[in-house]
Each structure stands twice: as structure tokens, then as C-alpha cells.
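Open your viewer and get ready to click through a few selections. Please take the stops in order.

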Amino acid sequence: MSQLEHKTFEQKINRRDLIKLFGASVVAASGIFGASEKAFAKNAPNVVVLGGGVGGSSFAKYLRFANPDVKITLIEKHPEYITCFRSNDVIVGMHTLDELTFNHQVLQSKYKVNVLIDEVTGADFSKKTVKTAKGETLAYDKLVVSPGIDFKFADTEGFDAEVAAGKFPHAYKAGAKTLELRKQLINLPKGGTAIIAPPENPYRCPPGPYERASLFADYLKVHNPTAKLLVLDPKDRFTKDGPFKKAWERLYGFKTDNAMIEWVSGSEGGKVNRLDTKNMTVETDSGNHKADLINLIPNQRAGKLAQNLGLTNNSGWCPVDRNSMESLLHKEVYVLGDSTIADAMPKSGYSANSQAKVCAQAVSDTLQGNQLGKAVYANVCFSLAGENYGVSISAIYEVRDGLIQPKGGSAGVSPITDKAGLPILEATYQKNWQRNFVKDVFS
Amino acid sequence: MNHRIIYGFLAVSAMNSAMAENINPIAKGQAMAWQCAPCHGTNGQEFEESMPPIAAMPAEQFTKAMLDFRQGDRPATIMDRVAKGFTDEEIKAMASWFELQPKKQWVDTSLEEAQLSLDATRGQK
């Protein structure tokens, strides 16, 4: 860290600095494993996985680790998966969507997972079958559902899926709409106003809206320095708010007359009640705000598939057994990731991957008649408060009093110090984490 | 502070009950070690990024690093926080497991190779 001591919080760090610090980092060659036909026993148990995102893909891989003999089928609608994490980087041009796009080829070739590009239309829990849009009926011994999130547009008047598909992308699932938001940011008039409105808890990637705000400011500072960014929040607190706000002070003049970011909390009337698309205005508890770019991130609930299969309760999310991720509503059905009620665990890719591993072990143990172990989960989230300024939150979790809770004294966020090297290191780790993590999920 | 003592106590009781339930501590080590993969690579086998690889790390080295992180004796970004989540026994169980993992990139490791090292760890009761 000593080599970074002379750096200021605003200073750019280049590749040479990093190589000096860490040695040349080489992009790993992707291993190509020829698809091989493994013959499974006729009576081998069938595990069917719905969803090829982080939860579903991690589960399939780690179930293969836990059990070489089980038949695994993964059903995913799209042949490719674009990660939501790091998609904020795409909005400001630090990454391309291609770099966030993955497929399930290694799951098939290395882990002998049968991947079907298809869509599940229903399940019969008594017969233990699922039906697909292409007309397949698949029997399962264990069903694992990892369906992501769905949006509650109706919570904001004037907002709906059609509006979001047009000029008001939430860009909270990565894809074409991420690029639309990028276009809007680039085309923001000189000295214009952008609004980001984060959702109510709970929602996917709790730091996501604030990282997005940070990266918007990072971009505008260079390309449109007289522009303003207004964050209209229904909440009074948000994750890592201490380190985020300190970074905003250091980088974007937060709380000064020249502030590039202004944050309006729920108590201050930040909650957006209505979107007026014609007049480019949002109505909040504290009055109307006109802007040139409006990015409303809707409130959320469990993915549509979880709702359709009856895996959600009144909260809109899926209750699960905390030691196995088995649904509390349907036996032999497990739910992973953002859709679940996981107590202290945030809805993050890391959490979905963590839950997938606990679930893979639990499913394998159950199929083999072994006693279940006690679950240990983890979550680490690195966010960028600026291109070279990282903030993190992390915790190890255990099940206590029937709830997933931080284990030991492990829960915490980045300390606020006057050492400029620390946030630079966290930004570096963030980039390393992304490359590592997708390998743990997809290869 | 009180909470920490209570957590510590509960963690120890959890470990004791795991032993009472005759759960192989190495198997428990594996389940915990899997949780390290997002940053350190599958089975700790990521040798090309700034987070250090853990595969094949001598158990003593792993244990010392974790204990130093936990006590705040080693500079850290997040590992000081992460290490506070584990008891001495849990750290030892992970250390024994990681020591037996192949010292090569995960993408270059076949499932069969990985399985061999896992079988070796399973044998350690």
C-alpha cells in the first residue's frame, strides 16, 4: 500500500501503477473441454434447475462437485446471460456489454449439465414435473428455482413496463436498456439535470443505485461539469452510506454549493410518487422536479416464475428454510438468490452464489440420506464511488434463531480513513472480483 | 462487545454440536471454503489476480494469516472483517482443505483431478 500513499483521492491510477503493485495480470485463457457423454445410471436422481443466472449456474456447477452421479438439467430462456453486476460501468463506458455476457457451455462440457434453452410454463408439485413452452414435460426429484426479480411499476403513478421499455429505462436488468441509459447520459444537455430515484427496500443490489449515481457524477465531472445529479430516495439510509457520502464529498463536492450530487432522503420528501413523462417531471413528497434524464428504479418482488409457481408469500418474496434454501411452501423445491427471503443477506450476485453452494450441498446430502450440515454463507460487495475509488461491504453469515445473521464480528463496511491508497485498492479488488466471480459461476 | 462474546460463544457451540452430530470437520471445511471462491477462485485456484490464491497454501500459513487478520495484526481491506466470522476450529478446517487443492488455475483443472483431491480430503476423518 505504501506505493499508493502519495496518491490523492482524485488521482487516476493507470495500468502501470497496478502492475507495479500487483505484477502483470494476465487474462486467463478459457479452458475448452470437449463435450463428453457421461452415462448416468437410469435410476440416478433428476435435479432440474430453472434459471441460468448466477444462482442457477453456480448451483449446477457445485452440485456436480457435491455429487458426480446425479442428473442435472438447467432450463434457461436466453442462450446468453448478461450480468447485472458491473452494468453500471457499461453506462459510463468503463465496460462493454460483451464483457458481461456469458453462456452455459462449460456447464455442459465440464460439469455434464444438460442445458435446455426453453421456458418453464408451469409445475405440478404432486407429480413432480415441470412443463416448458416448447412442450417438454420434465420429471424431477429436486427442483431448484433461481428466477431473479420482477418490478412493481404500479407503485409509481405514470410508470409502467411500456414506459420503462421506451424513454425511461430502469436499466436494473442488464441489456439493451443499459445502453439506452448510456445514450441518455451522453446526450444530457450541457448544464442539464439528471435524476436517479432508488427503490424501497428490499431490492436487488442495495448499493447499485448509489454506485450508479457515483459513476454518473464521475462521468459528468469530466464531460458535462455544470450538470447536476439529483438522487431522490424514499429511504433515509442506504447501504455503505457512510463511505459513499465521504467519497461524494471528496470527489463531487457533496454538501457544498457546487455539489454535483444532491441526495434527498425520504424524510426530506425524496420519495417519487408520480412520473410525468410529457413534462419530464417527477412529483415527490417535497414538490416537483424537472429533469433532462429520469432514471426511476422500480420497487421489486420475486421473479415472475416464482410468483407463477406459487413460491411467494404475501411479502412478494419466497420464504425458505435457512439451512437448505428449500421452499417453506413446497417440499423438494428450492429457491435461490434475489427472490428469497434471506434476512440479513443482501440481494446480490455473491449472495446468490453463496446460497447456491449451501443448497447444492443440502440437495446432495438429502439425496444421499446424509444429515444436513449447518449453513455458512458469505457476501462481499465492492462498489465504485469513482472510477478508482472503491467501497466495500462484507459479512459471513450463519443461521441463528431461525434467521440468517452475521457471524462473529464479520459484518462491516469500508472504514473511512485519510489513507488515499485504501479506496484505490478497493477499486482494484472490485475489478479483480468481477473477473474471478464470473469464472466461479460460469466456468 | 457483549454481542461479540455471545457470537463467539454460539459459534463454539455450533462447532461442538457439529462434532456431536458427527459431521466430518473437513467436509465442513469444504462447505466454508467454497464461500471464498468468488474472490479467490474456485477451490482457491486463481493465481492471476491481486487476491492471493489459497489452493495448496500450507495449512499453517493459512491459519496464521487468518488469525492475524482477525486480530488486526495484518493490513487488510476486507479480510480483517471476513476473518472475524470464523472460529479457530473453522479456520483450521478450511486450512486443511485448501492445503490439499491442486496448485494450478481452476480452468486448467479437470473435474477428475479436482475429485481426486476431494476424495483425499474426504478420507481425512
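This tour visits an interface, a cavity and some backbone details.

**Before you start**

Keep in mind that this is a predicted model.

**Stop 1: the two chains together**

Now select the residues where they touch. Chain A puts 58 residues into the contact, and chain B puts in 44 residues. About 4,200 Å² of area is buried between chain B and chain A. Carbon and sulfur atoms give 57% of that area. Next, pick out B:W34, B:Q35 and B:R81. In chain B, these residues lose the most area to chain A. Together they account for 19% of what that side buries.

**Stop 2: charges and polar pairs**

How many salt bridges are there between chain B and chain A? The count is four. To see a salt bridge, show the side chains of B:R81 and A:E426. They meet at 4.0 Å, N to O.

Now widen the view to polar contacts. Across the interface of chain B and chain A there are 21 residue pairs in polar contact, with both residues at pLDDT 80 or more.

**Stop 3: the face of chain B**

Hide chain A for a moment. Which helices of chain B supply at least two residues each to the side that touches chain A? Select α1 (2-20), α2 (25-34), α3 (37-40), α5 (79-83) and α7 (111-123). Of these, α1(B) gives the most, with six residues. Then colour this side of chain B by class.

**Stop 4**

Bring chain A back and select A:K439. This residue sits in helix α11 of chain A. Its side chain joins that of B:E46 in a polar contact of 2.5 Å. A:K439 and A:F102 are 337 residues apart along the chain, yet their C-alpha atoms are separated by 9.8 Å.

**Stop 5: the largest cavity**

The whole structure holds three cavities of 30 Å³ or more. Go to the largest cavity, with a volume of about 110 Å³. Its lining has 15 residues. Select A:R250, A:Y389, A:P415, A:I416 and A:P423, which lie nearest its centre. In chain A, α8 (241-252), β21 (389-400) and α11 (421-442) each give two or more residues to this lining. By class, the lining divides into eight nonpolar, three polar and four charged residues.

**Stop 6: two backbone details**

Most peptide bonds are trans, and most residues other than glycine have a negative phi. Look at two spots with that in mind.

First, zoom to A:N201 and A:P202. The peptide bond joining them is cis, with omega about -10 degrees. A:P202 lies in the loop between β11 (193-197) and α7 (208-223) of chain A.

Then move to A:K255. Its phi is positive, near 75 degrees, and the residue is not glycine. Look for A:K255 in the loop between α8 and β13 (261-264) of chain A.

Note on methods. Residues numbered from 1 in each chain as written. Chains lettered and ligands numbered in written order. Predicted model: local features only at pLDDT ≥ 70, side-chain atom pairs only at ≥ 80, totals over all residues. Heavy atoms only, no water. Contact = heavy atoms within 4.5 Å. Buried area = accessible area lost by both parts, 1.4 Å probe. Polar contact = N/O pair within 3.5 Å; in protein donor to acceptor, adjacent residues only side chain to side chain. Helix = DSSP H or I, 4+ residues; strand = E, 2+ residues; numbered from the N terminus. 1 Å grid on protein atoms, 1.4 Å probe; cavity = no way out; pocket = protein on both sides within 12 Å on 5 of 7 lines; lining within 4 Å. Points joined across faces, edges and corners; volume = space filled by probe spheres on them. Nonpolar A, V, L, I, M, F, W, Y, C, P; charged D, E, K, R; others polar.
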